[in-house]
Amino acid sequence: MLKKIVSLTLALVMVLGLFTMMPLTTASAASYKDNIINAVLNNQSKWYDSYLAYKGYYGCGSIEFIDLNFDGNLEFIVNYPCSDIGDSYRDIYYYENGKLIESYGGDHSPDGTYVGYLGFSLDAYYDKSTGGYKLLGTSMLNMGEGNDTVYANYTLNYDGSYITLNYYSAETISSSGKTTYYDDAKSWGNTYGANKISKSMYNSINANVTKNCVNANLSTYKVSMQHWATYSTSKKKSLLTESYNSFSLKKTLVSKPVIKKFEAKSNGVKITWDAVSGAKKYRVYRKTSSGWKAVATTTGTSITDKGIAVGEKRIYTLRCLSKNEKYHISSYDTAGRGFQRAATPKISKASYVTGGVKLTWPKATGAVKYRVFVKYGDKSWTKLKDTTSTSFTHKTGKKGRVYTYTVRCISSSGKTYTSHFDATGKTVKFKR
């Protein structure tokens, strides 16, 4: 439903702060984009009237797309123009079950008219302590008392259909230039009932809101409504698509994760990395002929990719994700790191020789080096020797003890296990 334009004695302008990080591309996200753009075009009578083309005090009205709740599906925003007498508000729409639906909540004018979210700035932050995003805004308006101007700061919360603004600080500037600070604010920047505080306390409150946060530099593209009525349907659709695709957030909010090591397992390869400060989730990718393919998403620092064949080489990389998995929040190693699996070697012969026990095994496919292990009784496996040969003589055992041996393939550097191992091993009673 179109809102009646309400003449207000309040001066308000909103200029969205520029945001640079794209949402993850999925089939469902692409479908939602097409659906909401088509719904906007097919329901212009729901949100458009000639007032949007009016060139007010701060220019004409505009439309844009913003992901207000960071779920990967953007909302449609109608920014009504601010006239020289201070008329301004915003309508927010989302798509659901074939319909363009208007959101509710937000801030209200003194006479109770819904006005959406307000303010001349809106910024997004990534909170490292929670792994999620938050929106912060500032409203600017005249109080009507001695031409005092109020700057009221708020957080904007959107649950997908309802907007809530929570004010946390404000400042007023009188006509004489005196500034007064408050620890709260009311709708439309009203500071009645709020406590006056010092400037240092005001700064402390504001800093605490963004503690552990990184500015996400939200960026949008506003489509001017000045000549909208004259555009063809194809041009309108092109502009709406450009606005939707232009929404972005900063690509790097936490450090780039780096693969620390690979380890061949009986059912695949284990990939391990160090935890990244501020990251709550990670996604591992495997390189394919058509690009990077997601392997697994985890809150931990390792995953096992199954089904890798002997001799097969796979290249991996990973990125940090937002907690809801909708946005990448780190860069990544574009080249990736490779792992090639070797066959599991198995000791075929253990024979007594002068001075010890000689172990022999067939060459394993894909092997470049081997690591020989030994254990005694119920002890753990202990490294004996790294070798490029297919045999090794154990000379340091104690006479009469029963030892079990096994072999595992390793990389040339010795830092990566490229094969699994025979857990049963070869058992021999040592004598010399």
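How many salt bridges does the structure hold? The structure, which is a predicted model, holds 10 salt bridges.

**Salt bridges**

| Salt bridge | Closest N and O atoms |
|---|---|
| R408 with E263 | 3.4 Å |
| R283 with E325 | 3.4 Å |
| E312 with R314 | 2.8 Å |

R408 forms a salt bridge with E263. This pair links distant parts of the chain, 145 residues apart: R408 belongs to strand β26 (residues 402-410), and E263 to strand β14 (residues 259-265). R408 counts as buried because its relative accessibility is 6%. E263 is buried as well, with a relative accessible area of 15%.

The salt bridge of R283 with E325 also links distant parts of the chain, here 42 residues apart. R283 lies in strand β16 (residues 281-288), whereas E325 is in the loop between β19 (313-321) and β20 (337-340). Is R283 buried or exposed? R283 counts as buried, at 14% relative accessibility. E325 has 28% relative accessibility, so E325 counts as partly exposed.

E312 is partly exposed at 28% relative accessibility, while R314 is buried, with a relative accessible area of 9%. Shared partners join the salt bridges of R286, D305, E312 and R314 into one network.

**Aromatic rings**

Across the whole structure, a search finds 23 aromatic pairs. One of them is made by Y51 and Y54: their ring centres are 5.7 Å apart and their planes meet at 10°, so the pair is stacked. Y51 counts as buried because its relative accessibility is 15%. Y54 is partly exposed, with a relative accessible area of 35%. Another pair, Y403 and Y405, is tilted, with 6.4 Å from centre to centre and 40° between the planes. Both Y403 and Y405 are buried.

Which residues form one aromatic cluster? The members are W47, Y48, F65, F76, Y93, W228, Y231 and Y244.

Charged side chains also lie over rings. R408, already described as a salt-bridge partner of E263, lies over the face of Y417, at 4.2 Å from the ring centre. At Y352, the charged end of K431 sits over the ring, 4.5 Å from its centre.

**Helix α4**

Helix α4 spans residues 233-246, which makes 14 residues. From its first C-alpha to its last, helix α4 reaches 20 Å, close to the 20 Å expected at 1.5 Å a residue. Its buried residues are K236, L239, L240, S243 and Y244. They cover an arc of only 135° around the axis, so they are on the same side of α4. An α-helix has 3.6 residues a turn, so residues three or four places apart point the same way. Y244, one of the buried residues of α4, also belongs to the aromatic cluster.

**Cysteines**

How many disulfides does a search of the whole structure find? The search finds zero disulfides. C60 counts as buried because its relative accessibility is 19%, under the 20% cut-off. C320 is buried too, with a relative accessible area of 0%.

How values were computed: Residues are numbered from 1 along each chain as its sequence is written. This is a predicted model: local features need pLDDT of at least 70, side-chain atom pairs count only at pLDDT 80 or more; totals for chains, interfaces and linings use all residues. Side-chain values use heavy atoms; hydrogens and water are left out. A disulfide is a pair of cysteine sulfur atoms within 2.5 Å. Buried means under 20% relative accessible area, exposed over 50%, partly exposed in between (1.4 Å probe, protein chains only). Rings of Phe, Tyr and Trp (its six-membered ring) pair if their centres lie within 6.5 Å; planes under 30 degrees apart count as stacked, over 60 as edge-to-face and the rest as tilted. A charge sits over a ring if NZ of Lys or CZ of Arg is within 6 Å of the ring centre and within 35 degrees of the ring normal. Helices (H or I, at least four residues) and strands (E, at least two) are DSSP runs, numbered from the N terminus. The expected span of a helix is 1.5 Å times one less than its number of residues. The arc is that of the directions from the helix axis to the C-beta atoms. A salt bridge is a side-chain nitrogen of Lys or Arg within 4 Å of a carboxyl oxygen of Asp or Glu.
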